[in-house]
Amino acid sequence: MTPSSTKLGTRLVAGATILAATVFVPASVATRAEGAARVRAFTKAGGTGFAGDGGPAAAASLASPAGVASDATGDVAIADTDNCRVRYVPNRNVRAFGIAMRRGDIYTIAGSTCGSSGDGGPGTEARLSFPDDVAFDTEGDVLVADTGNNEIRKVSATTGSISLVAGTGVAGAGGDGRPATAAQLDGPEGIAVDAADDLYVADTNNCEVREVPGRVGVSAGALVSGHIRTIAGDGTCGDTGDGHDATRAELRAPADVAVDDHGDALIADTGNRLVREVAVVAGTNFGVAMSPGDIYTVVGSGTYNPYFGDGLPAVSDASSLSFPDGVALDTTGNLYVTDTYGRGVRVVPAAGGTTFGMPTQADGVYTLAGAGPAESPTAGGTARDPLVYPARVAVDASGEVFVADVGNNSVELLEPPPG
């Protein structure tokens with residue numbers, strides 16, 4: 001959703017046909033959880049602007065940050081969208097991106113003014129156009145969804161230089177089977193990188209999800225490294241295809257993508273108010289039996305309902321997402337979803353137990369944080385639930401959950417309740 005300050009609320013939404021849910025008996029009454037997580041500002045909340053480089057992240061100002069990512073060491077990258085920059089908060093004292101950094105302070109690693117320039121030079125001298133998301137590769141480099149420029153770019157952790165990874169800078173479609181830098185994208189918003197350095201792109205306005213393999217032969221058959229292919233969506237914006245070949249299915253304005261350890265892609269099918277999964281191997285995920293290459297709904301009913309359906313199966317008539325804009329997975333396979341207009345962060349546990357202090361069942365959906373939509377009795381937020389318009393979500397190796405909150409102009413950190 002970029003530019004974040006102006007595009008919020010412009011996407012068309014429509015219902016979708018879903019698979020029937022299995023019988024599910026919740027452990028407790030299926031009502032909305034009241035703020036299972038505490039919300040703490042990771043960067044300065046409220047207001048808007050650009051300030052704070054070289055000082056504590058908690059005092060820094062951002063402008064409609066839409067994307068956040070965390071690496072294995074706990075370093076955090078932020079798509080500071082309306083500032084047309086990428087900011088970085090290290091979790092250790094380190095020299096990275098050509099900058100001597102102190103733990104907990106914030107630095108710009110890419111972007112200067114809004115525009116399009118700079119490939120091959122220092123990231124801090126480049127011009128970006130409303131970057132919507134960020135992701136780390138295995139070398140610690142930061143990938144950037146340079147959404148307004150219809151490109152994916154990379155900032156080297158070693159040198160700080162910026163380079164083009166995918167897109168031509170001109171909005172369009174096509175290019176599968178060719179180098180990604182010769183293929184066109186249209187408003188790509190969300191990105192993810194897996195353990196093999198394969199890049200996944202939510203090609204939002206083309207209603208597709210695409211992949212650029214990082215190594216020859218990894219999850220892409222004969223496709224060579226650096227070439228691009230479509231893994232979900234047929235280029236038609238719509239809501240069909242569940243249970244069938246993902247590349248013949250329809251998506252509607254997919255805004256984000258995450259990848260699990262098997263290579264399955266989880267997609268925020270935003271315009272359809274769903275989260276869907278493209279399976280790589282046969283099995284049952286989030287309570288849904290899947291075949292390789294096919295696509296399935298795993299969260300949501302496709303229709304809006306101010307009653308969230310907490311404690312019920314993630315795929316059920318009562319489970320509702322209003323604008324799922326971000327998806328992320330933790331190391332145990334739990335799925336996190338930001339519901340922007342629902343003003344909350346939801347979680348679908350991979351196994352039963354306790355999640356952020358809540359008793360939870362596998363494959364149910366629960367509200368982790370947030371006040372809920374305008375119709376909710378808790379709308380308006382509380383001191384404990386100050387999320388306004390959460391966009392993307394990231395989970396680090398220790399299980400800490402970071403949320404890019406466009407409405408608060410901040411990145412928030414979700415913490416378990418005390419006790």
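Predicted model: local features only at pLDDT ≥ 70, side-chain atom pairs only at ≥ 80, totals over all residues.
In strand β23, Asp-339 is the bridge partner of Pro-324. Residues are numbered from 1 along each chain as its sequence is written, and side-chain values use heavy atoms, with hydrogens and water left out.

Strand β22 (residues 324–329) and strand β23 (residues 335–339) run antiparallel and share 5 bridges; two strands are said to pair if DSSP finds at least two bridges between them. Strands here are DSSP runs of E with at least two residues, helices are runs of H or I with at least four, and both are numbered from the N terminus. Between β22 and β23 there are 5 residues, and in this hairpin Gly-333 has a positive phi near 95°. Why is β22 described as largely enclosed by the rest of the structure? Because 6 of its 6 residues are buried, where buried means under 20% relative accessible area, exposed means over 50%, and partly exposed is in between (1.4 Å probe, protein chains only).

Now zoom out to the whole chain. The protein chain has 1 helix and 30 strands, and of its 419 residues, 59% count as buried. Take the contacts (heavy atoms within 4.5 Å) between residues at least 6 apart in sequence: 50% of them join residues at least 24 apart.

Strand β14 (residues 208–212) is joined to β15 by 3 bridges, and Glu-211 stands opposite Arg-229 in β15.

Next, the nonpolar interior. In soluble globular proteins, nonpolar side chains tend to be buried together. A nonpolar core here is a set of buried Ala, Val, Leu, Ile, Met, Phe, Trp, Tyr and Cys residues joined through side-chain atoms within 4.5 Å. The largest such core has 21 residues, and those that touch the most other members are Val-86, Tyr-88, Phe-97, Met-101, Ile-109, Val-134 and Val-142. Two or more residues come from each of β3 (76–80), β4 (85–89), β5, β7 (107–110), β8 (133–136) and β9 (142–146), and β7 gives the most, with 3 residues. Beyond its neighbours within four places in sequence, Met-101 is in contact with residues including Tyr-88, Pro-90, Tyr-107 and Ile-109. A second, separate core of 20 residues includes Val-299, Val-315, Val-327 and Val-365.

Rings of Phe, Tyr and Trp (its six-membered ring) pair if their centres lie within 6.5 Å; planes under 30 degrees apart count as stacked, over 60 as edge-to-face and the rest as tilted. The count comes to 5 aromatic pairs. The rings of Phe-42 and Phe-402 have centres 5.2 Å apart and planes at 80°, so they are edge-to-face. Phe-42 lies in the loop between β1 (38–41) and β2 (67–70) and Phe-402 in strand β29 (residues 401–405), so the pair ties together parts that are 360 residues apart in sequence. Both Phe-42 and Phe-402 are buried. Another edge-to-face pair is Tyr-88 and Phe-97, at 4.8 Å centre to centre with 65° between the planes. Ring pairs also link Tyr-88, Phe-97 and Phe-136 into a cluster, and Tyr-88 is buried at 2% relative accessibility.

Phe-97 has one more feature to show. Most residues other than glycine have a negative phi. Phe-97, however, has a positive phi of about 55° although it is not a glycine. Phe-97 lies in the loop between β5 (94–96) and β6 (99–101), and is buried with a relative accessible area of 6%. Asp-197 also has a positive phi, of about 65°; Asp-197 lies in the loop between β12 (191–193) and β13 (199–203) and counts as partly exposed at 23% relative accessibility.
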